[in-house]
Amino acid sequence: MELTRKSFPAFRNFALAALLVAGFVAPLRAADTMDEPAKAPKNVHLHYLAAGKPDAATLLTPPPQLNSPEQSADMAIVRSVSQAAPANDTAMALSEKSFSVYTFAPVVGSFFQSNTLSKTTAFFERVQTDAEIVTDKGKEFFKRPRPYTTDPALASGKLEKSFSYPSGHSTESMVLALVLAEVFPDKHEAIIARAREIGWHRIEIARHYPTDIYAGRVLAQAIVRKMNDNADFQKDLAEAKKEISSAFQMAKETAKPLATAAH
């Protein structure tokens, strides 16, 4: 499954080529300069993935080394993007501190609500939890300090204690988007675009570097590929599709009398 490429300014793509050579460069740990203890990876049951499959440590190339020209360029983008971020984007980024598959409801449709989709809710929670576990293990391996740890001038609001690479928001939102796009193939472009937006917002509030975001997108594709090989995933996805289809049809039937009455 391939991501849909969207148009971005040239400065957003400088690290993409490096990420695509994942697996050909031996992973290296970045120096740990975190001021606060990192959040420990979740040690909970994986639902649709085997342990270590995929493994962010071997899939992804290492992030830029501290004090390297590449790191300086990465940081320069964070400073530039966060300083120029529109107020609306900043507000949205802060509201996305916690998110779920229903964050995509404005793209999918108003019928897509958790209170009518119990099986779907449980399914996507399992999907997101698996993605979080894989991502957190990658963070603990690479131990990359967040931008505001390296440059305290970027710190604002409530700050995360976890490491930076790969981005959890970018990985998890793209995993949700890729799976959701299997349910709504006609909305694939808009769903993927929303996930990319969630990732980019994290740079606008200086929580992540661009390379963190791009790594998350690469990792997300690997996670979904592995999930699609899992029989339980396919069964639960089929049940979610059926439940969503029923909810959609019910919403359409409910809307018909309202449309008739309006005329």
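In this predicted model, histidine 201 sits in helix H9, which spans residues 188-204. Its relative accessibility is 2%, so histidine 201 counts as buried. Beyond its neighbours within four places in sequence, histidine 201 contacts Asp89, Met92, Ala93, Glu96 and Arg194.

**Fold and surface**
- The protein has eleven helices and zero strands.
- Of its 263 residues, 51% count as buried.
- Among contacts between residues at least 6 apart in sequence, 85% join residues at least 24 apart.
- The accessible surface is about 12500 Å², and carbon and sulfur atoms account for 56% of that area.

**Salt bridges around glutamate 160**
- Arginine 202 and glutamate 160 form a salt bridge through their side chains, at 2.8 Å from N to O.
- Arginine 202 lies in helix H9 and glutamate 160 in the loop between helix H7 (147-150) and helix H8 (168-183), so this pair ties together parts 42 residues apart in sequence.
- Glutamate 160 also forms a salt bridge with arginine 207, at 3.3 Å from N to O.
- That pair links distant parts of the chain, 47 residues apart, with arginine 207 in the loop between H9 and helix H10 (210-228).
- Arginine 207 is buried at 3% relative accessibility, and glutamate 160 is buried at 10%.
- Lys97, Glu160, Arg202 and Arg207 are linked in a network of salt bridges.

**Other salt bridges**
- The salt bridge count comes to eleven.
- One of them joins lysine 235 and aspartate 236, with the closest N and O atoms 3.1 Å apart.
- Lysine 235 is partly exposed at 45% relative accessibility, whereas aspartate 236 is buried at 11%.

Terms used:
Residues numbered from 1 in each chain as written. Predicted model: local features only at pLDDT ≥ 70, side-chain atom pairs only at ≥ 80, totals over all residues. Heavy atoms only, no water. Helix = DSSP H or I, 4+ residues; strand = E, 2+ residues; numbered from the N terminus. Buried < 20%, exposed > 50% of the residue type's maximum accessible area, 1.4 Å probe, protein only. Contact = heavy atoms within 4.5 Å. Areas by Shrake-Rupley, 256 points an atom, 1.4 Å probe, with all protein chains shown as cover. Salt bridge = Lys/Arg side-chain N within 4 Å of Asp/Glu carboxyl O.
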